[in-house]
2 protein chains.
Amino acid sequence: MSLMIVGTMAFDALETPFGKVDRIIGGSATYAAWSASNFTNNIKQVSIVGGDFPQEEMDALAARGVDMAGVDVVKDGKSFFWSGRYHMDMNTRDTLVTDLNVLADFNPQLPEDYKECDFVMLGNLAPAVQISVMNQLKTRPKLIIMDTMNFWMDVALDELKQAISMVDVLMVNDSEARQLSGEFSLVKAATKIQAMGPKYLIIKKGEHGALLFHGKHVFFAPALPLEEVFDPTGAGDTFAGGFIGHIARTKDISFENMKTGIIVGSALASFCVEKFGPNRMKELTADDIDARIDEFVELVNFDISIIS
Amino acid sequence: MSLMIVGTMAFDALETPFGKVDRIIGGSATYAAWSASNFTNNIKQVSIVGGDFPQEEMDALAARGVDMAGVDVVKDGKSFFWSGRYHMDMNTRDTLVTDLNVLADFNPQLPEDYKECDFVMLGNLAPAVQISVMNQLKTRPKLIIMDTMNFWMDVALDELKQAISMVDVLMVNDSEARQLSGEFSLVKAATKIQAMGPKYLIIKKGEHGALLFHGKHVFFAPALPLEEVFDPTGAGDTFAGGFIGHIARTKDISFENMKTGIIVGSALASFCVEKFGPNRMKELTADDIDARIDEFVELVNFDISIIS
């Protein structure tokens, strides 16, 4: 079954307490595709890049089963560029530069065979772009998951709410959930956000893990405690890619299977932060992933039979 | 098997975003005893109070199997008083008043039958007091768990390190673990702190749950997502009391059983925060606790068989 990933492919400049890179491949769709392609080789990528984007990066994803026909290459344009500096806690960062470049005119026109996808992941983009993509679909996918950020709550709240109303799973971080709902309690925030449309809500809490809400049900997955978080860039997109990749592979959109998807996404994200940019993602093996998932099982597993 | 709890019994004045109380029963040993007494009725309490401490509060604990012979009552003294104001996030607070009163002269002399306890919980106190209690024991308990706080790292680090070297389980929050170890990464902090003596380290992260470290093993328990955290006072001591109460009841100090103890402690703490002071703890039934533990199981349980 096919998975469409919509998002940015970009260059990042990153500064963390552990080092600095001036120019490394980034973007939500890049991370999501690297992550999801561990589980499915039927991915349709939708993005936009400039003529400066390395062909070998496109080829590397294509070799993993990612169809790049939906990636618009603007030969005389420059790719989206973001530069940020992380604080010591790695949960907060300052944006130093945001050069939209070709992203400013991103108006994706889906190739014909993209219009009947089974699963869709909408990375963080202008809500109008997310809506436009959904409106081009000929059939309703089995599951649409959408990421967004506080910026769109500030400048495009109405469009954002429209986009949110069209998706199955919304994914935001804790402060975004609070801003969107006006509730401090994440439980109350989850109720309000589900009333906006999505039947499932994922709240990411960085090093503190992630919550999955569905009606009155809630599931929690921790982040793996790591010796070092080297570079958190892309961890959220990698998480999302692992989640939807697992769902696409298993073709099972039950709440039970989404829980497992959250664990898979968390495992993938725990690799992503070990090196700068997507570097760690490029060298992962299936054995690495299995071993990491086992660590998650050990991390949260306890014997309830002892209690009563 | 007997459990000795050493700590404060006090009055608190509390201000949270949800309300205010000028004078309510508090203290680490109060919360720990209410919590642990759900699991064992063989508790020996060690504390100090003034003549102002209500007899009915002592009687209420005695009725739950808590031996109050180790509680020094200074008839013409005043009980320890603490006043604090919580911020909106409920994870941070300002201390407004700390009146040590009788606690300033706390020099516990254990009754003879307290000197051969099986399990010991040392609440947050001056390290010299914690050491003195341990030195009065005639036999080595099966397990000693100790709480402390950043204040003692600032003013009595050498004594604190001595106390830590004598216990099996140290319990601190994340910022205290970082201060004590000089490491930002909690994984690295855990390694350094275990090298100081305790074979087990519990790192409390408030609403973000708790970690249990033992050698290379790590276990994580989330906090239950709640609609409202009404008053977090005593949650850590309630957690500790539930943990050691479970251990005392099962008489099993294995790492596997400690994991379950962490879940039991987390469940108890999730009740504690629902009302001001220890009020919620006083009305708990065994059914309430079982149901809450089931919620924890549902919160973290996922089907790994789906993955591979």
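**Ground rules.** The model is predicted, so I take local features only at pLDDT of at least 70 and side-chain atom pairs at pLDDT 80 or more, while totals for chains, interfaces and linings use all residues. Residues count from 1 along each chain as its sequence is written, and chains are lettered from A and ligands numbered from 1 in the order written.

I looked up the contacts (C-beta atoms, placed from the backbone, within 7 Å) and found 34 residues of chain A touching 34 of chain B. On the chain A side, α7 (186-194), β13 (217-221), α9 (255-272) and α11 (286-300) each give two or more residues; helices are DSSP runs of H or I with at least four residues, strands runs of E with at least two, numbered from the N terminus. α9(A) has the largest share, six residues.

**Core.** Of its 198 residues, Ile5(A) and Ile5(B) touch the most other members. Contacts of Ile5(A) include Ala29(A), Ile43(A) and Met121(A).

**Sheet in B.** I traced nine strands in an open, mixed sheet, β5-β4-β1-β8-β9-β10-β11-β12-β13 of chain B, where pairing takes at least two DSSP bridges. β5 (66-74) and β13 (217-221) of chain B each have a single partner, so one side of each lacks a neighbour in the sheet. Four bridges join the parallel strands β1 (residues 3-6) and β8 (residues 119-122) of chain B, and Leu3(B) sits opposite Phe119(B).

How values were computed:
Two residues are in contact if their C-beta atoms, placed from the backbone, lie within 7 Å. A nonpolar core is a set of buried Ala, Val, Leu, Ile, Met, Phe, Trp, Tyr and Cys residues joined through C-beta atoms within 7 Å. A residue is buried if 20 or more other C-beta atoms lie within 10 Å of its own, exposed if 12 or fewer, and partly exposed in between; C-beta atoms are placed from the backbone. Lists of a residue's contacts leave out its neighbours within four places in sequence.
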